[in-house]
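Biologist: I have a chain on my screen and would like to walk through it with you. Could you take my questions one at a time?

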Amino acid sequence: MKGIIYQLKSVRKDKFCIMSFLLPIVVAIALNIAGSIDLSSLGEYYFCVIDGEVTDETKEWLAGYGDVTVCQTREEWLSAIREPSTNLIGVEMDGTDIRTVLSGDELTIWQQMASTLPDLYTQRHTVMHAFRAGGINIQILEQPDVLTGFQYIFMAMTLIVAMFMGCTFNAMNIISEKEDGVALINEILPMTSRQYVIQKIFIGFVFGCLSAVVTAAICFRLSLAGAAAMLALTVLSAFVAALVGLFVGRISDGMMVGVVYIKIVMIVFMAVPLLRFLAMAGNKVLSAICYVIPSSATFEGVMDLVNGGMATAGKDMVILAVHCVSWFLLYLFISFILKEF
């Protein structure tokens, strides 16, 4: 118990660990505030036409899809389209139809809209005649908020950083003890290596769990079952992170080397699940290989819970439990080889 109290005192003096603990919480608050801001205008389309070359009926039809800007001359029209800071879709008449003009640097969603717009314009009369004749029913769907999905991804990544905060604490704490000579004192104290390891795992694990729980409470509104599953993911992920921190602290010879190793670990922990989610979802082999990185299961489980699911989160808990056992046994094996136990 005294050893744990000593470790808690060292946390109070370590600004790096305090920052690692508070940063995910601050980011979670910022994301939560940003989620309350109306960003629907960012998903609107913007069209640009030349005054006198497009009929009022066409302008009214375009206004149903987005904002319409009227230019007085063709040069002004082309200049507005080519402006790099805008995503304007130029519209001009092509006989009885319309055609769109782009500068080429627009986002994909605007390019898709530009390619679809002429067909929609051509079919507008056919659709309206069929509607008036009672041949079809038109159902207007609410435009999906494409930014919501990205917000959930940001929140999930922030939660991963909070869960793996224990890695940062354990690594930096062990390295600082090496540099300050405390590690030499620990070797002559009446404390076994097992007790030392338990102390390090316990402190990093507890602070990682606490940071993750606070972050999850700020970011997500889950049901009781979802909150329980999120807590299980947090506990397992924080334990794995604490074990990884022991390895990083053990192999690091100095503070700067340790910082580099921690950055590499955090980049891998964040990049692998994100790439798996965005680019490897259709490849089952690569997707399965990504489970070697424990944060992949954590990210998948969090996204499943956010979307109201539970089955995938259960599978991810099993994967994280296997990681916990594997990393712990690996550390015991290495310690046994080095005759520390």
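Biologist: Among contacts in the chain between residues at least 6 apart in sequence, what share joins residues at least 24 apart?
Modeller: Happy to start there, and please keep in mind that this is a predicted model. Contact here means heavy atoms within 4.5 Å. Taking the contacts between residues at least 6 apart in sequence, the share that joins residues at least 24 apart is 68%.

Biologist: How many helices and strands does the chain have, and what part of its residues is buried?
Modeller: The chain has 15 helices and four strands. A residue is called buried when its relative accessible area is under 20%. Of the 341 residues in the chain, the buried part is 41%.

Biologist: What percentage of the accessible surface belongs to carbon and sulfur atoms?
Modeller: The accessible surface of the chain comes to about 19000 Å². The part of that surface belonging to carbon and sulfur atoms is 66%.

Biologist: Let's turn to the strands. Do β3 and β4 run parallel or antiparallel, and which residue is the bridge partner of aspartate 94?
Modeller: Strand β3 covers residues 89–94 and strand β4 covers residues 97–101; they are joined by five bridges and run antiparallel. The two strands form a hairpin with two residues between them, and in the turn glycine 95 has a positive phi of about 75°. The bridge partner of aspartate 94, found in β4, is aspartate 97.

Biologist: How many aromatic pairs does a search of the whole structure find, and why is the pair of phenylalanine 247 and tryptophan 327 called edge-to-face?
Modeller: The search finds five aromatic pairs. In the pair of phenylalanine 247 and tryptophan 327 the ring centres are 5.5 Å apart and the planes stand at 70°. Planes over 60 degrees apart count as edge-to-face, so with an angle of 70° this pair is edge-to-face.

Biologist: How far apart in sequence are the parts that this pair ties together?
Modeller: Phenylalanine 247 lies in helix α11 (residues 224–251), while tryptophan 327 lies in helix α15 (residues 311–337). Phenylalanine 247 counts as buried at 13% relative accessibility, whereas tryptophan 327, at 24%, counts as partly exposed. The pair therefore ties together parts whose separation in sequence is 80 residues.

Biologist: Now phenylalanine 277 and phenylalanine 299: at what angle are their ring planes, and is phenylalanine 299 buried or exposed?
Modeller: Their ring centres are 5.5 Å apart and the planes are at 75°, so this pair is edge-to-face. Phenylalanine 277 belongs to helix α12 (residues 255–279) and phenylalanine 299 to helix α14 (residues 294–306), so the pair ties together parts 22 residues apart in sequence. Phenylalanine 277 counts as partly exposed at 39% relative accessibility. At 2% relative accessibility, phenylalanine 299 counts as buried.

Biologist: Where does α5 bend?
Modeller: Helix α5 (residues 108–122) has 15 residues and reaches 23 Å from its first C-alpha to its last, close to the 21 Å expected. Its buried residues are Trp110, Met113, Ala114, Leu117, Pro118 and Tyr121, and Tyr121 also forms one aromatic cluster with Trp61 and Tyr65. The bend is about 35°, with proline 118 following within four residues, and its place is threonine 116.

Biologist: Leaving aside neighbours within four places in sequence, which residues is serine 287 in contact with?
Modeller: Serine 287 is found in helix α13 (residues 284–289). Its relative accessible area is 10%, so serine 287 is buried. With those neighbours left aside, its contacts are Arg276 and Met280.

Technical notes
Residues are numbered from 1 along each chain as its sequence is written. This is a predicted model: local features need pLDDT of at least 70, side-chain atom pairs count only at pLDDT 80 or more; totals for chains, interfaces and linings use all residues. Side-chain values use heavy atoms; hydrogens and water are left out. Two strands pair if DSSP finds at least two bridges between them. Rings of Phe, Tyr and Trp (its six-membered ring) pair if their centres lie within 6.5 Å; planes under 30 degrees apart count as stacked, over 60 as edge-to-face and the rest as tilted. Buried means under 20% relative accessible area, exposed over 50%, partly exposed in between (1.4 Å probe, protein chains only). The expected span of a helix is 1.5 Å times one less than its number of residues. The bend at a residue is the angle between axes fitted to the seven residues ending there and the seven starting there. Accessible areas come from the Shrake-Rupley method with a 1.4 Å probe; for residues, only the protein chains shown count as cover.
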